[in-house]
Amino acid sequence: MATAQMREHERDPEMLLDLQYSLARSYASTPELRRTWLDSMARAHLKNGDLSEAAMCHVHVAALVAEYLHRKKLFPSGLAPFKKVTLNIEEEAAMKEDSGMQDVYYTEEVLVEHLEACVEALWKAERYELITHVAKLLIPVYERRHELMKLSRLYETLTRAYNKIMEVMQSGRRLLGTYFRVAFYGQGFFEEEDGKEYIYKEPKLTGLSEISQRLLSLYGDKFGAENVQIIQDSNKVNPRELDPKLAYVQVTFVKAYFEEKEAPETKTAFEKCHNINRFVFETPYTLTGKKHGGVEEQCKRRTVLTTSNTFPYVKKRVEVVSERQVELKPVDVAIDEMRARTAELTKLCSTPEVDMIKLQLILQGCVSVQVNAGPMAYARAFLDDSRTNQSASKKAKELKDIFRRFVEACSLALDMNERLIKEDQFEYQEGLKSNFKDMVKELSDIIHEEIYPEDMRSLLQDSLHVFSAISGTTSAELG
């Protein structure tokens, strides 16, 4: 039955891999057959250019072989070391000590071959951080066998991997995937897939229009182009309001989601896209029914989705198993936006190689004193007690604290830009500094607090002075 379905879906890469995976899963207790299907999936992923998924198939096979040998007391460790590579590896513990294991002829040699394949696949997938975990299993075997050439080559690979990690951390130019929520509606077309939601991991920097077009073309070929519609907005879909004669595919861009207690700001770029299973998207709305309004009325709904497995996985799409929503009121939106801007500026200034063009673009948006846009619009709306009675509230206090950190971040960014610019941009820098001074002065007036002393000769040169001023302590308090 599965083979017949595979023929039916041979042009649908996600469905085809799902079917192959269901076969691999049905043979969970039979190592030889499970390995066959995982190998087949790895080949399909390579053909489709999904390198991380191919690498994970190799990791699962190696863990399967290691677990088998460990149970037979032929290898010191089973699948435990592979948990550092992927949290999904527990699947390989389903092996049964029965007839399924009788016809298996795994040896240490077979394991070594699979571990070597893992190193190669992880390198191609640019997941250099994971190579060291696999190498730790290979090194003792090579040492015991006195395979000095292989040891030498493996240590060379490790050296190159660590150099690559440093390189991509400095450049920020490694793209390990883009994520989308994809939901299907239309019982007559999608059958058991109707109403299901998945997170799709697409290669590199895939755009929303690109994946939408691919799915439209795929299902248009399958059901007829006139019968398929893409739902572009991220709002909750009511299936009863849809035309039963059409197939609908909803596509939404999502990002990896981390709770504040997980301290996302301390995570490396790699940690933010490895072993992840929660994703978020935001939908703007106002209480009047319009999507967008002024800052005083702009709300947003944050939707957090959790998947059954972590990414990357042996498949490039994983089903969504739970969803929760958080409603953000206008002042929450302001806090959220200001916190994000401050974090972005701080992060940009702390990278070893600062991208000057990006820095200037963000700075320009931050120190702008436009009437209805930019950070000052939030200060005027939620901190100005002549316009609102919220100034003493807990939320207003939180927003004030964020503004102090924001001013500090802007000051550091201006300082950084001054060090990077050439002579031809001196006038531009002076303009940014002037805007910054105007912004800080207006902010000081709004919150009735001197953010920096009037007689401060240079706003940017004396960073200690700026810091003590921004922390909210006045000279009187210090005395």
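Start with how the chain folds back on itself: residues 24 or more positions apart account for 63% of its contacts with a separation of 6 or more, a contact being heavy atoms within 4.5 Å. What you're looking at is a predicted model, where local features need pLDDT of at least 70, side-chain atom pairs count only at pLDDT 80 or more, and totals for chains, interfaces and linings use all residues. Residues are numbered from 1 along each chain as its sequence is written, and side-chain values use heavy atoms, with hydrogens and water left out.

Now the overall picture. The C-alpha trace spans about 85 × 65 × 40 Å along its principal axes. Of the chain's 479 residues, 49% count as buried; buried means under 20% relative accessible area, exposed means over 50%, and partly exposed is in between, with a 1.4 Å probe and protein chains only. The secondary structure comes to 16 helices and seven strands, taken as DSSP runs numbered from the N terminus (helices H or I, at least four residues; strands E, at least two).

On to the inside. In soluble globular proteins, nonpolar side chains tend to be buried together. A nonpolar core here is a set of buried Ala, Val, Leu, Ile, Met, Phe, Trp, Tyr and Cys residues joined through side-chain atoms within 4.5 Å. The largest one has 66 residues, and Phe82, Tyr106, Leu115, Tyr179, Ile199 and Val314 touch the most other members. Helix H4 (residues 51-71) gives this core its largest share, twelve residues. Apart from it lies another core, of 40 residues, with Leu348, Leu363, Ala413 and Ile447 among them.

Leaving out residues up to four places away in sequence, its contacts include Tyr179, Phe180, Val254, Phe279, Leu305, Phe311 and Val320. Leucine 38, over in helix H3, counts as buried because its relative accessibility is 0%. With the residues up to four places away left out again, leucine 38 touches Cys57, His60, Val61, Glu92 and Val314. Leucine 17 is 21 residues from leucine 38 in sequence, and their C-alpha atoms are 10.0 Å apart.

Leucine 17 also turns up in the lining of the largest cavity, along with Pro13, Glu14, Asp18, His45, Asn48, Asp50, Lys315, Lys316 and Arg317. By type, the lining divides into two nonpolar, two polar and six charged residues. (Ala, Val, Leu, Ile, Met, Phe, Trp, Tyr, Cys and Pro count as nonpolar, Asp, Glu, Lys and Arg as charged, and the others, Gly among them, as polar.) The volume of this cavity is about 40 Å³, and the structure holds two cavities of 30 Å³ or more. A cavity is a set of points on a 1 Å grid over the protein atoms alone where a 1.4 Å probe fits but cannot get out, and lining residues have an atom within 4 Å of a point. Grid points are joined across faces, edges and corners, and the volume is the space filled by probe spheres set on them.

The expected span of a helix is 1.5 Å times one less than its number of residues. Helix H7 (residues 148-171) has 24 residues and should span 34 Å, which agrees with the 34 Å between its end C-alpha atoms. Its buried residues are Leu151, Leu154, Thr157, Leu158, Ala161, Ile165 and Val168. An α-helix has 3.6 residues a turn, so residues three or four places apart point the same way. The cover over the buried residues of H7 includes helix H5 (108-124) and helix H6 (131-145). After H7 comes glycine 172, with a positive phi near 65 degrees.

Helix H9 (residues 208-223) has 16 residues and reaches 22 Å from first C-alpha to last, close to the 22 Å expected. Among its buried residues are Ile211, Leu215, Leu218 and Phe223, and their cover includes strand S1 (178-185) and strand S2 (197-202). Glycine 224 follows H9, with a positive phi near 100 degrees.

Most residues other than glycine have a negative phi, and most peptide bonds are trans. Histidine 146, in the loop between H6 and H7, has a positive phi near 60 degrees and is exposed, with a relative accessible area of 63%. The peptide bond from phenylalanine 311 to proline 312 is cis, with omega near -5 degrees.

Key. 1 Å grid on protein atoms, 1.4 Å probe; cavity = no way out; pocket = protein on both sides within 12 Å on 5 of 7 lines; lining within 4 Å.
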